[in-house]
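Hi everyone, thanks for coming. I'd like to walk you through one structure today, starting with its aromatic rings and ending with its charges.

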Amino acid sequence: MPCWSLFDAQDARYRAAVLGAAPRVAIEAASPFGWERYVGEGGTVLGMTGFGASAPAEDLFRHFGLTAEKLADATLARL
C-alpha cells in the first residue's frame, strides 16, 4: 500500500474489496506501527522494532526478521 491517507480516503466498499477476506500479512522496513488497522486482529505485521540501528540494509533486515523466509513463515502460519 503506497499511501495510507489516499487509501483511507476511499469509500468503505473499495477498501473492503482491496483488502479482501484472506489472511493479511504486512512487512514494513521501518516501524510496524499503524499496520494493525489494515491487517486486522488475525493478521501479522513484520517490522523493525528498534530505533537507531545502523548497518547495511541486508544486515538490518536479517536482524529484525524481515526476510523472505520469515514472511513466508508468517503467511503460512495464517493459512
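Let me start with two residues, Trp35 and Tyr38, which are both buried; buried means under 20% relative accessible area, exposed means over 50%, and partly exposed is in between, with a 1.4 Å probe and protein chains only. Before I go on, a word on where this comes from: it is a predicted model, local features need pLDDT of at least 70, side-chain atom pairs count only at pLDDT 80 or more, and totals for chains, interfaces and linings use all residues. Residues are numbered from 1 along each chain as its sequence is written, and side-chain values use heavy atoms, with hydrogens and water left out.

Now the rings. Rings of Phe, Tyr and Trp (its six-membered ring) pair if their centres lie within 6.5 Å; planes under 30 degrees apart are called stacked, over 60 edge-to-face, and the rest tilted. How many aromatic pairs does that rule give? The count is five. One of them is Trp4 with Tyr38, a tilted pair at 5.5 Å centre to centre, with 40° between the planes. Trp4 sits in helix H1 (residues 4-8) and Tyr38 in helix H3 (residues 36-39), so this pair ties together parts that are 34 residues apart in sequence. Helices here are DSSP runs (H or I, at least four residues), strands are E runs of at least two, and both are numbered from the N terminus.

Are the two partners buried or exposed? Trp4 is partly exposed because its relative accessibility is 25%, while Tyr38 is buried at 5%. Tyr38 also pairs with Trp35, this time edge-to-face, at 5.9 Å centre to centre and 65° between the planes. Put together, ring pairs link Trp4, Phe7, Tyr14, Trp35 and Tyr38 into a cluster.

Let's stay with Tyr38 for a moment. Which residues does it touch, leaving aside neighbours within four places in sequence? Tyr38 is in contact (heavy atoms within 4.5 Å) with Met1, Trp4, Phe7, Asp8, Leu19 and Arg24. As for Val25, 13 residues from Tyr38 along the chain, the two C-alpha atoms are separated by 9.1 Å.

Stepping back to the fold, the protein chain has five helices and two strands, and from the N terminus the order is α-α-β-α-β-α-α. The C-alpha trace spans about 40 × 30 × 15 Å along its principal axes. Of the 79 residues, 22% are buried. Among contacts between residues at least 6 apart in sequence, 37% join residues at least 24 apart.

Finally, charges. Side chains of opposite charge can pair when their charged atoms come close. With a salt bridge defined as a side-chain nitrogen of Lys or Arg within 4 Å of a carboxyl oxygen of Asp or Glu, the count comes to two. Arg62 meets Glu58 at 3.8 Å, N to O, and Arg62 meets Asp59 at 2.8 Å, N to O. Why are Arg62 and Glu58 separated by about one helical turn? Because they are four residues apart in helix H4 (residues 57-64). Arg62 and Asp59 also both lie in helix H4, three residues apart. Glu58 is exposed, with 59% relative accessibility, and Asp59 is partly exposed at 36%. So that I leave you with one picture: Glu58, Asp59 and Arg62 are linked in a network of salt bridges.
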